[in-house]
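Me: I want to check the labels on this model one at a time. For each, give me the value, the cut-off and the conclusion.

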Amino acid sequence: MSRHLDAETVSSFWTDIQKATAQSNSLAGAVAQRVPHMSGSDAATSQAAANALLASLTQGGLNSQRLMSSMYPPPQFDSGSLPSQALARVDEQMLPIGSHQLQQHQQSASQQQLPTGKISSSEAFPTHLQAAAQPATQPSASDSDEEGRAKGASTNGDRKSQLKEKNRKAQKRFRERQKSKLAESEEKVASMTLQIEHLHNDRLRLENRNSVLEKVLEMKEIEDAKPAASSSGAPAFEVPEETGKEIIDKFRLQQGLLLTVRPEQPINLSIEQLRRLSWEDHSGVWRDYVNALAQCLVLANGDANSPAMERMTQLVRECLALSAGMAVANPRGTFAFHSLNMDAAAPSNAEGAPGPDYWARIVKELQLAPEVRQDLKLARRAYLTALSFIIKDRQVLISSLEAATPNGGNYSSTSHRFLASLDAADKLHHNMQQQHSCLLQFTMTVALRLAYKFQGAILIVQSFPWSPDVLSIVDVVAAEDGELSTGVCLG
């Protein structure tokens, strides 16, 4: 720039410098008035900004005056051309701003009445001035805000990620606990189901044991109360025609029947002795077998491998052999034995014979397998078919006997009727032998099928004081499986 400027231009420069200096002084005074009314971090920030601004303005004004003074001396104003008050203001504005002037501005600001309450840094010092007042190395407020927001967003993101991870782990632990509890519950259910099944089987065994013990006690009480049997000898019984040779061969009865129910005194009965065996003797021997089998059932307690099992099997076979021998050799005594109550002191009628419910309870205790039930039903059908033909023949014979009834006429007519009656009686006797043989075969088939492990012993013991009624037992099985009753099959 050329140093040769006219006086008017130089005067204009100096006027501008003076105006700028005056404005800086005015702004500094305003800042000095605001700062004392701030509090906290705002006051500290504003104070630092104000000091930096004042120092910058003061240094700027001095540098401008030195520069202008070195280049262009200040113009000399004619005292006559300017009022004295203006000259004084110009001289005062020309002075640099020092620390003493800032103190004066602060004192005058403290004496002025300002609004009450806290004043934020934004009200005391505009944001663009605060940014200008900060040192060059210090970041601006907007940059700090952006960094804070970025840092806050990053922190929030980290917290959300941590929360999601925490929730995921908690859900995984919850699912694992639920799965473990479910598996534990299923294991408990399986274990309890098995325990219930075992308890059910134990209950059945205990019920059977209790029934056996009740029967033993019952028999003992009856035996104690019953008078001694007469020893006058057994009455003579009719010796029937042997219709069960097959049964005799099967049980080897030709050499006699060995009964070991009394180990200290075994009994060996021949066919002839079986023919003469009385009802009382037959019932007494059977009672001994019931007692011995009851004791075996108690000792075995449902264990098929028990030492008592072998003894039990032997006793059941002897009972079957005794029944078969009596049925072949002494039919009359067999029918008397099956029709009478063994607790009676003497033979009596069978009016008090047990009904279907009595035998249904025994069938339940036997727990027959499906294949056994099927075999029993097949044997029943065969027996009922054969019996139906025997019944038809007997009805004809009965009609013949009725026609041969004596009418009190002449000797010739009486003789004719008598001979017709004898012929009908022989045919009736043969018909009854057929019935007995059919019944014997059916009874032995069913008895042998039931003489398996505990079933034979339970049948004999639980049937007492009656003999096992295989006909009623098979009828119960057939009824439970939905087959026709005996009356319908024979009707």
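Reply: Start with Pro465, which sits in the loop between helix H16 (455-463) and helix H17 (470-480). Helices (H or I, at least four residues) and strands (E, at least two) are DSSP runs, numbered from the N terminus. The model is predicted: local features need pLDDT of at least 70 and side-chain atom pairs need 80 or more, while totals for chains, interfaces and linings use all residues. Residues are numbered from 1 along each chain as its sequence is written, and side-chain values use heavy atoms, without hydrogens and water.

Me: What kind of peptide bond joins Phe464 and Pro465?

Reply: A cis bond, with omega about 15°. Most peptide bonds are trans.

Me: How many helices and strands does the chain have?

Reply: There are 18 helices and 2 strands. Of the 491 residues, 33% are buried.

Me: What makes Gly256 count as buried or exposed?

Reply: Its relative accessibility is 17%. Buried means under 20% relative accessible area, exposed over 50%, and partly exposed in between (1.4 Å probe, protein chains only). Gly256 therefore counts as buried. The residue lies in the loop between helix H8 (245-250) and strand S1 (257-259).

Me: Which residues does Gly256 contact, leaving aside neighbours within four places in sequence?

Reply: Asn268, Leu269 and Ser270. Contact means heavy atoms within 4.5 Å. Gly256 and Ile271 are 15 residues apart in sequence, and their C-alpha atoms are 6.3 Å apart.

Me: Why is Ala404 called buried?

Reply: Its relative accessible area is 3%, so Ala404 falls in the buried class. Ala404 is in the loop between H14 and H15. Beyond its neighbours within four places in sequence, Ala404 is in contact with Arg417, Ala420 and Ser421.

Me: What class does Pro354 get, buried, partly exposed or exposed?

Reply: Partly exposed, because its relative accessibility is 22%. Pro354 lies in the loop between helix H12 (331-339) and H13. Not counting residues up to four places away in sequence, Pro354 touches Trp359 and Trp466. Pro354 and Ser472 are 118 residues apart in sequence, yet 9.8 Å apart in space, C-alpha to C-alpha.

Me: How do you know that the buried residues of H13 are on the same side?

Reply: Take the buried set of helix H13 (residues 356-366): Tyr358, Trp359, Ile362, Val363, Glu365 and Leu366. They cover an arc of only 160° around the axis, which puts them on the same side of H13. The arc is that of the directions from the helix axis to the C-beta atoms. On the other side of H13, Pro356, Asp357 and Lys364 are exposed.

Me: What makes Gln367 worth a flag?

Reply: Its phi is positive, near 50°, and Gln367 is not glycine. Most residues other than glycine have a negative phi. At a relative accessible area of 47%, Gln367 is partly exposed. Asn301 also has a phi near 50°. Asn301 is in the loop between helix H10 (279-300) and H11, and is partly exposed at 38%.

Me: Why are H11 and H15 given the direction label they have?

Reply: The axes of helix H11 (residues 307-329) and helix H15 (residues 411-450) come within 11 Å and cross at roughly 175°. Axes are lines fitted to C-alpha atoms, for helices over the stretch in contact, with angles from 0 to 180 degrees between N-to-C directions. Under 35 degrees counts as roughly parallel, over 145 as roughly antiparallel, 65 to 115 as roughly perpendicular, and the rest as oblique. H11 and H15 are therefore roughly antiparallel.

Me: Which residues meet there?

Reply: Leu320, Ser323, Ala324, Ala327 and Val328 in H11 meet His436, Leu440, Met444, Ala447 and Leu448 in H15.

Me: What makes the core a nonpolar core?

Reply: A nonpolar core is a set of buried Ala, Val, Leu, Ile, Met, Phe, Trp, Tyr and Cys residues joined through side-chain atoms within 4.5 Å. The largest here has 71 residues, with Leu293 and Met312 making the most contacts inside it. H11 gives the largest share, 14 residues. Met312 touches residues including Leu293, Cys296, Leu297 and Phe454.
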